[in-house]
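Hi,

Here is the structure I promised to pass on.

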Amino acid sequence: MIVFNFLLYLLLTYLTYAVLFQFIPALAGHIFKKEKGQQDGRFRRFAVLIPAYREDAVLIDTVRAALRLDYPQELFTIVPIADQVSPATISAIRELGVEPLEVKFKKSTKSKSINTALACLGDGFDAVAVLDADNHPKPDFLLKMNEALGSGLQAVQGCRTAKNADTAMAVLDGVSEAVNNHLLCAGQRALGLSARLAGSGMAFDFQLFKNIMKDINALGGFDKELELRLTQSGVKIGYAPDAIVLDEKVAKADSFAKQRGRWLAAQYRYGRRFAGAAGRALVREGNVDFFSKTLQMALPPRLVLPVFLLLGALIATFFQWETAVVWQLLVVANFSSFALAIPRSYWRLEFLQALMTLPLALLATLRALTYMPLAAKQFLHTSHGTAASV
């Protein structure tokens, strides 16, 4: 019984930390204000990188969307990085007046594609924007990113929002993205910490990005390593909620599980790798931002947390009644953080209907844990869209 109580107290401590790391930013996100700083008034020359691994189904439409960017045409260059993309897709992109960069690797990764592109581009750019092959940026995306970089920021995460809501799983995935924007971007910035990096819909000072990326060769989750390396070097990651990118959400449970498995594997791997350095940086330099990022990497999956809390509250009620109230408060705080983080615009009929499939999403999240060992050895590709006509 002593061992049982110790383990329950240990679990309670960990879950309390997890709840607070969600609840406090959920509150803070409501006082977030647009990044401020005196504008330098100049238009940067952007390289718009679109790494694409076997993305024939969506890449052409994404290039078309990038061509509609409302930014001086001579000041941005679209660079689709085509890894195992068909000749027909390559030809179709060239017909649009864009020259793809064709790459081929023994083991394909997003970081290899980006680093190859950066090496080929040279140093004639001021900034770089990164899109996924399924992303459709709003026409003013580069204008908003230029504005954010012009305020003194060197790294900025834009606002990724759902492009599709064709299945219940896609709706839930879209809500999850909105919650991430609130908790990990707006909430963190309101607390004076760095926003998360989502892997796409982001922009950086060109030389800074190039210098940091050369040390990154991540199998998956390059954005997590990039996030940690930036904060380690003292660079604050800003958030531009008006720099909007439409991102395709996964429509099937299996794709959801593979994607989350890849994300979780990267999150925990880089959290462990940088934990020691973050602790030393906190003590020696007072780098709270970097330390906070490593703590974020240790968080449990968001859908699994309420299950642990409810089970813990139930067990404590019968076997450890002195902590039962604490468990119950954690349950309330956890569900409150969801209510605070989900934008009002999402509280509509299709979302309420999609809530009925939450058990399926929970099962997919649990399945994601089984994909983690595989994700540590190879890149788990998530397919997008349907076959495009070329």
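To start with, which helix does Ile 93 lie in? Ile 93 sits in helix α3, residues 87-95 (helices are DSSP runs of H or I, at least four residues, numbered from the N terminus).

Before going on: this is a predicted model, where local features need pLDDT of at least 70 and side-chain atom pairs count only at pLDDT 80 or more, while totals for chains, interfaces and linings use all residues. Residues are numbered from 1 along each chain as its sequence is written, and side-chain values use heavy atoms, with hydrogens and water left out.

Back to Ile 93: its relative accessible area is 0%, so it is buried (under 20% relative accessible area; 1.4 Å probe, protein chains only). Leaving aside neighbours within four places in sequence, Ile 93 is in contact with Leu 59, Ile 60, Val 63, Pro 80, Val 98 and Pro 100 (contact means heavy atoms within 4.5 Å).

Now the cores. The largest nonpolar core has 44 residues, and Leu 49 and Phe 209 are among those with the most contacts inside it (such a core is a set of buried Ala, Val, Leu, Ile, Met, Phe, Trp, Tyr and Cys residues joined through side-chain atoms within 4.5 Å). Helix α9, residues 253-285, gives the largest share of this core, six residues. There is also a second, separate core of 34 residues, which includes Val 63 and Val 98.

Notes. Buried < 20%, exposed > 50% of the residue type's maximum accessible area, 1.4 Å probe, protein only. Helix = DSSP H or I, 4+ residues; strand = E, 2+ residues; numbered from the N terminus.
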